[in-house]
Amino acid sequence: MTFVLEAKGLSKRFAVTTGMGGHKATVTAVDDVSFAIAPGETLGLVGESGCGKSTVGKMIVRLLEPDTGEVRFEGRDIAHATHGELRPLRRRFQMVFQDPYGSLDPRQRAGDIVTEPLVVHGIGDAAERRRRVAELFERVGLRPDQMANVPSQFSGGQRQRLAIARALALDPALIVADEPVSALDVSIQAQVINLMAEIKAERGLAYLFIAHDLGVVQHISDRVAVMYLGRLVEIADKETLFSGPVHPYTRALLEAVPVPDPARRLAPRDTLKGEVPTPLAPPSGCAFHPRCPLASERCTRERPLLRRHPSGAEVACHNAF
Amino acid sequence: MSRVLDIEGLTVGFETGGRRFDAVREVDLALDGGEVLALVGESGSGKSVTALAVMGLLPEVAEITAGTIRFEDRDLARLGEAEMAAVRGARIGLIFQEPMTSLNPTMRVGPQVAEVLRLHKRAGAAAARRAVEELFALVRIPDPAARYDDFPHQMSGGMRQRVVIALALACRPALLIADEPTTALDVTTQAQILELFRDLQREIGQATILITHDLAVVAETAHRVAVMYAGRIVEESASEALFAGALHPYTRGLLRSIPVVRTGPAAGHPRRLVEIPGTVPPPWDLPQGCAFAPRCPRASARCRAERPPLMPFDGGRRAACWHPHVEREDAA
């Protein structure tokens, strides 16, 4: 099987200054993360703040250079590729961010925002580019007369449509979307999720869809990977993960999601104790062990590796098997 | 049960950017002792402005142009800033989305809560410290005596929000207003704080207004729900009835646009999300008739011409709609 993307053993550390004394410390944001995405597939990447999911996304599109590991894009390792080597590949992978306002030039007209990647990569003549941009506007549900508008004249949902149109301009094989709907109201969120799902089906492109909202991720993904404190703890196809989560953290995460059913108000709940520890001082062994109902002595000293569970999921846990 | 808060005909006008418009229009709401009322809506619905009006914290460009807010024999809509400051914190406790809105970053958390008690309750130093440690225990802060001297930045987001809840409850207020109290928290921390809210509700039974965009949070905490759209309440009902079958097409649309996590056999096959087409109209350019009509699958000529008032339905429910989803017995 050929993958559009293979991440192997990705790690990233950041130097940080902490406290009032200005102590230097190192945070391991991502620690030995591996996964693959097939053409036309959506991999959802979930986890709570500080788990490293956004850092993974940035390494995939090479906004960040990994410290170790490989990022194989259509078979070629781009983890340490130079600017010049990356340039021709850039049109094959694109990124969509949470706040499209921050990633769109506020003075540029919407039409030019979508045309720019075509100009940069020397695609088509002016007439051909106009035709393509008009098609993209129509596809994402923007009106042709909105091409003359600047981003501030768009609503949040429309700005995200614009960011998607720009990402699609170069006909990429992969879009990395980092919390693309979390800033939107729920009725608008549904519009953008449905649009992304339709476009994927039409064009057969792949998504790495990064989000904290498990409901959103379940809707859009084929497979789902769960991160905790920089590490992958479980990865499985959507049905397996949501119908039979194996890792105690995945189970706790699913249990914690609020559901729109008042009967739950009265039902007692298994609430996970404690909070995510600081990545400055991650626990030894399995990073989840201080909060884990299954933790044993082994978990405090030996880090579990991803192994195939009978359910089909890959799970990093000593005691869940 | 005793009436804690009674809002009638509340209208809040804004004057900004050369425009004059009403962000909240003719809102009627009542809250009884021990009740949790959720105020739900998307951005621009007026839910937060309604809450700010009750707290006396409207921005300078806004003012209450009509209506009354009756609370403990007074009309908060007519109270001066000095009188309002005495009510806030003492009789009305506030919890905001971001804990650092309420906490002073340069001051240890224990003394911050103690200060409120000394100010409003004239408590002595030793008594205040004891009371704060009891409050910290009430909100399940582990080892309250040790946490007393922590600075906010030494605590996690969830612990900081617990301190804010302790602060809000310090003077045993008659009313608690929580504006998106768990929105900034991670999902496992959110679950802990929601559990704390439910426990406190059972233990001390304070009347609460919960402002949120998240209907799942509503279902897990509130007895009653008021849904706002474009500055008005469009539906109000007991939680159970609302989630079992909403009357207003907007409420139905909202409920069906939520990507609900599905476990069990349906896990691999989530249904397609139902979109509400279009966007919320700006408050200075509302359509004639029902503000939701341009986005509504049930809209008729009447809806576009004539605004539906909030009308009573069975079971103490209210809805502002000419074509509500009513289960008619003759149709069954």
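This is a predicted model: local features need pLDDT of at least 70, side-chain atom pairs count only at pLDDT 80 or more; totals for chains, interfaces and linings use all residues.
Helices here are DSSP runs of H or I with at least four residues, and strands are E runs of at least two, both numbered from the N terminus. With that in hand, α7(A) is followed by A:G204, whose phi is positive, near 60°. Residues are numbered from 1 along each chain as its sequence is written, chains are lettered from A and ligands numbered from 1 in the order in which they are written, and side-chain values use heavy atoms, with hydrogens and water left out.

**Helix α7 of chain A**

- Helix α7 of chain A covers residues 186-203, and its 18 residues should span 26 Å at 1.5 Å a residue; the end C-alpha atoms are 26 Å apart, which agrees. The expected span is 1.5 Å times one less than the number of residues.
- Most of α7(A) is covered, with 13 of its 18 residues buried. Buried means under 20% relative accessible area, exposed means over 50%, and partly exposed is in between, using a 1.4 Å probe and protein chains only.

**Where the chains meet**

- On the contact count, 51 residues of chain B touch 41 residues of chain A, contact meaning heavy atoms within 4.5 Å.
- The two chains bury about 4000 Å² between them, and 56% of that is on carbon and sulfur atoms. Buried area is the accessible area (1.4 Å probe) that two parts lose on being put together, summed over both.
- B:T188, B:E220 and B:V261 supply 15% of the area that chain B buries against chain A, more than any other three residues.
- There are 21 residue pairs in polar contact across the interface, both residues at pLDDT 80 or more. A polar contact is a pair of N or O atoms within 3.5 Å; within protein, one must be able to donate a hydrogen and the other to accept it, and residues adjacent in sequence count only if both atoms are side-chain atoms.
- On the chain B side, α6 (157-169), α7 (187-204), α8 (215-221), α9 (239-244) and α10 (249-257) each supply at least two residues that touch chain A. Of the residues on that side, α7(B) gives the most, with eight.
- That side of chain B divides into 21 nonpolar, 19 polar and 11 charged residues. Here Ala, Val, Leu, Ile, Met, Phe, Trp, Tyr, Cys and Pro count as nonpolar, Asp, Glu, Lys and Arg as charged, and the others, Gly among them, as polar.

**Salt bridges**

- Over all chains, the structure holds 39 salt bridges. The rule asks for a side-chain nitrogen of Lys or Arg within 4 Å of a carboxyl oxygen of Asp or Glu.
- Across the interface of chain B and chain A there is one salt bridge. A:E198 pairs with B:R272 in a salt bridge, the closest N and O atoms being 3.2 Å apart.
- A:R139, A:E198, A:E202, B:R272 and B:E275 are linked in a network of salt bridges.
- B:E235 and B:R317 form a salt bridge, with their closest N and O atoms 3.7 Å apart. B:E235 sits in strand β10 (residues 232-238) of chain B and B:R317 in strand β12 (residues 317-319) of chain B, so the pair ties together parts that are 82 residues apart in sequence. B:E235 is buried at 0% relative accessible area, and B:R317 counts as buried at 14%.
- B:D150 bridges to B:R147, the closest N and O atoms being 2.6 Å apart. B:D150 counts as buried at 12%, whereas B:R147 is partly exposed at 27%.

**Two residues to look at in chain A**

- A:L214 is found in helix α8 (residues 214-220) of chain A, and is buried with a relative accessible area of 5%. Not counting residues up to four places away in sequence, A:L214 touches A:V46, A:F242, A:L253, A:L254, A:V257 and B:V261.
- A:A320 lies in the segment after β12 (314-315) of chain A, and counts as buried at 18% relative accessibility. Leaving aside neighbours within four places in sequence, A:A320 is in contact with A:V246, A:P248, A:L294 and A:H309.
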